Amino acid sequence: MGTTIISPTFLSAYLLLLCLVCSLKEGYALGRRATVAESHHLEHSHTIQVSSLLPSSICSLATKVLDKKSSLQVVHKHGPCSQLYHHDKANIPTHAEILLQDVARVKSIHSKLAKSLGSTKVDQTDAANIPAKDGSVVGSGNYVVTVGLGTPKKDLTLIFDTGSDITWTQCQPCVGTCYKQQDPVFAPSLSSTYSNISCSSTTCNSLASATGNTPGCSSSACVYGIQYGDSSFSVGIFAKEKLTLTSTDVFDDFLFGCGQNNQGLFGGAAGLIGLGRDKLSLPSQTASKYRKYFSYCLPSSSSSTGFLSFGYGGVSKFVNFTTLTTISQGTSFYGIDIVGISVSGKKLPISASVFTAGGSIIDSGTVITRLPPTAYTALSSEFRKLMSQYPKAQPLSILDTCYDFTKFSSVSVPMISIFFRGGVEVPIAAKGILYVNTISQVCLAFAGNNDDTDVGIFGNTQQKTLQVVYDGVGGKLGFATGGCS
């Protein structure tokens with residue numbers, strides 16, 4: 001039987017076919033790998049309708065039903081849910097101005113934490129005596145609540161701030177200047193429960209730790225003074241008065257500042273509620289009832305509402321707790337340990353020592369989360385890689401990773417999670433990842449500090465829609481998603 005000889009034509013055709021099959025297989029494998037990567041990205045991304053990025057001009061109330069006994073409604077001071085917004089629409093700051101104020105606030109936090117502070121004596125009528133170096137945190141927080149003060153009770157809209165301790169409001173008579181506020185200015189002479197604190201009392205001396213300034217004396221009345229990092233200030237009489245948080249939660253002899261010389265960027269609010277850790281803060285003064293336990297949910301946009309709750313009522317069953325730490329030089333701040341960041345479900349390769357170099361705090365008044373520059377660079381470069389299909393836009397102030405979404409009806413944005421000590425993963429809501437100036441300038445809402453040794457700050461944009469739970473006695477901070485709804 002003769003040997004079969006394959007014709008050269010058949011051989012080359014057959015080899016061509018084999019090559020084709022090989023390349024098809026390889027192409028399929030590559031395509032499959034690409035599809036798997038793509039589906040991983042989609043699985044770990046938020047699909048956002050571009051039209052939903054801008055806040056509405058109509059207020060929509062949160063759906064969460066709270067334990068009304070100890071809860072206050074939280075609104076953004078520049079949104080349609082706030083009376084301040086309707087009172088002074090003409091003076092609502094631009095996003096560039098808000099971010100500039102945020103820079104001032106962060107600088108004041110960093111300067112307060114960077115050095116031991118000398119304190120200065122306060123004079124009732126001369127706010128210039130309070131040096132800017134006192135390093136108190138800038139008073140321009142974004143979120144406000146309404147409480148009652150005095151007998152009969154007068155409602156006051158106050159900024160709440162976890163980075164401040166003393167609660168104060170503008171009072172009549174204005175000895176120096178009072179800025180324009182929406183509520184009538186509080187008149188202590190019309191309240192039957194008001195009384196001054198004597199300047200010889202130990203209570204008066206306790207002001208030094210809460211304000212960074214030695215108290216003064218005016219006709220035997222204790223004089224407080226506090227200046228914020230943007231040159232806003234409040235000076236006046238330290239006093240006690242009946243505080244009405246809700247119809248059932250009323251506190252006699254609540255210590256507060258009755259400001260007779262006030263100036264600053266308070267956006268029409270009547271003053272400020274200090275939620276810090278000092279003994280003069282509201283959580284400390286109400287500790288016998290609430291045990292320094294409070295929680296809040298900041299709304300997803302300036303056109304919706306959140307809440308501030310005191311005590312254990314209404315706290316989600318799904319809260320995960322991390323340990324609160326203390327930052328040296330800043331004992332009134334709530335210290336936290338950030339240990340990692342993930343983008344699109346992938347943990348970024350950042351050494352733990354990067355986060356421990358400066359430590360971190362959580363702050364309700366800082367708008368944009370500040371990260372060590374090493375961590376921010378890793379976050380922004382991974383984010384840019386996954387957002388490469390969208391056209392870039394000009395930076396907005398401190399925000400350098402910005403996009404133009406004008407040609408898109410929906411966008412896909414990678415999920416971001418922050419990890420805290422104790423294995424606590426906090427997924428950031430879609431509205432907390434982006435900061436929107438206009439649809440043509442939508443930015444990653446994180447920024448880097450100047451140095452890895454500067455304290456990191458978990459800011460309020462990233463806290464949106466989370467229920468954030470402060471357990472001052474237990475030394476814990478908790479997070480639960482879907483907190484406002």
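The torsion about the S-S bond of cysteine 297 and cysteine 484 is about -100°, so this disulfide is left-handed. In this predicted model, local features need pLDDT of at least 70 and side-chain atom pairs count only at pLDDT 80 or more, while totals for chains, interfaces and linings use all residues. Residues are numbered from 1 along each chain as its sequence is written, and side-chain values use heavy atoms, with hydrogens and water left out.

A disulfide is a covalent bond between the sulfur atoms of two cysteines. Here a disulfide is taken as a pair of cysteine sulfur atoms within 2.5 Å, and by this rule the count comes to seven. In the bond between cysteine 297 and cysteine 484, the S to S distance is 1.9 Å. This pair links distant parts of the chain, 187 residues apart: cysteine 297 belongs to strand S12 (residues 293–297), and cysteine 484 to the segment after strand S31 (476–480). Helices (H or I, at least four residues) and strands (E, at least two) are DSSP runs, numbered from the N terminus. Both cysteine 297 and cysteine 484 are buried, where buried means under 20% relative accessible area, exposed over 50%, and partly exposed in between (1.4 Å probe, protein chains only).

Another disulfide joins cysteine 174 to cysteine 178, with the sulfur atoms 1.9 Å apart. The torsion about the S-S bond of cysteine 174 and cysteine 178 is also about -100°, so this disulfide is left-handed. Cysteine 174 is partly exposed, at a relative accessible area of 35%, and cysteine 178 is partly exposed as well, at 25%. Cysteine 199 and cysteine 217 form a disulfide too, their sulfur atoms being 1.8 Å apart. That pair links distant parts of the chain, 18 residues apart, with cysteine 199 in the loop between strand S6 (195–196) and helix H4 (202–205), and cysteine 217 in strand S7 (residues 216–218).

Turning to the chain as a whole, there are eleven helices and 31 strands. Buried residues make up 53% of the 485 residues. A contact means heavy atoms within 4.5 Å; among contacts between residues at least 6 apart in sequence, 72% join residues at least 24 apart.

Six of the seven residues of S16 are buried, so the strand is mostly covered. Two strands pair if DSSP finds at least two bridges between them. Strand S15 (residues 325–327) pairs with S16 in the antiparallel sense over two bridges, and threonine 325 stands opposite glycine 335 in S16. The hairpin of S15 and S16 has two residues between the strands, and in this hairpin glutamine 329 takes a positive phi near 75°. S16 also pairs with strand S19 (residues 360–362), in the antiparallel sense over three bridges. Serine 360 in S19 is the bridge partner of isoleucine 336.

The largest pocket holds about 590 Å³ of space. Of the 30 residues that line this pocket, the closest to its centre are Pro55, His95, Ser302, Val436 and Lys464. On a 1 Å grid over the protein atoms alone, a pocket is an open set of points where a 1.4 Å probe fits, with protein on both sides within 12 Å along at least five of seven lines, and lining residues have an atom within 4 Å of a point. Grid points are joined across faces, edges and corners, and a volume is the space filled by probe spheres set on the points. The largest share of the lining, four residues, comes from S26.
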